[in-house]
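I opened the model and kept notes on what I looked up. The entries follow in the order I made them.

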Amino acid sequence: MIRKRGEVNMALYVDLPVYKATYDLLLLVYKRENSLPREHRYAIVMEIKRHLVDILSMVSRANASREKVQYLSRARIDLEEVRIRFRILSDLHLLGTKFFGEICLREESISKQLTAWYNSAAKNEKKTIADIN
């Protein structure tokens, strides 16, 4: 779905593939969190969920902003935080190999999308600054 915002056509953030992929990963975490020991649920898993929600927020903000780089940069940092915490859970043998593999594939997909969008936005923002000068 595309809506008009001024003169710019803008996709709704909930329709963006990177938003959908992040949201799906968040749902997966919610569905599987009860299978983890309580101490890890309330420490590591809570942080994973918070960082995933932050990514969703940054994607929404980037989509609505002309200056996207700052939001996409933050989303990429949050994704690294998520990766670290999933790695800890894996190293503690709290995630099965198959499930951890699925998580890694989803993280990689989100990372590639954020990086491509970031690179495009950075290029456009540099071009805009050059046009002003």
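Before listing anything, I wrote down that buried means under 20% relative accessible area, exposed over 50%, and partly exposed in between, with a 1.4 Å probe and protein chains only. I also noted that helices (H or I, at least four residues) and strands (E, at least two) are DSSP runs, numbered from the N terminus.

Source. I am working with a predicted model, in which local features need pLDDT of at least 70, side-chain atom pairs count only at pLDDT 80 or more, and totals for chains, interfaces and linings use all residues. Residues are numbered from 1 along each chain as its sequence is written, and side-chain values use heavy atoms, leaving out hydrogens and water.

Whole chain. I found 4 helices and 2 strands in the protein chain, in the sequence pattern β-β-α-α-α-α. Of its 133 residues, 37% are buried. I then looked up contacts, meaning heavy atoms within 4.5 Å. Among contacts with a separation of 6 or more in the protein chain, 71% join residues 24 or more positions apart. The chain exposes about 8,500 Å², and carbon and sulfur atoms supply 53% of that area; accessible areas come from the Shrake-Rupley method with a 1.4 Å probe, and for residues only the protein chains shown count as cover.

Helix α3. This helix covers residues 69-91, and its 23 residues reach 33 Å from first C-alpha to last, close to the 33 Å expected. Which residues of α3 are buried? I listed Val69, Leu72, Ala75, Asp78, Leu79, Val82, Arg85, Phe86, Leu89 and Ser90.

Leu92 lies in the loop between α3 and α4 (97-132). I recorded Leu92 as partly exposed because its relative accessible area is 41%. His93 is in the loop between α3 and α4 too, and I recorded His93 as exposed because its relative accessible area is 71%. Phi of His93 is near 60°, a positive value in a residue other than glycine.

Conventions: The expected span of a helix is 1.5 Å times one less than its number of residues.
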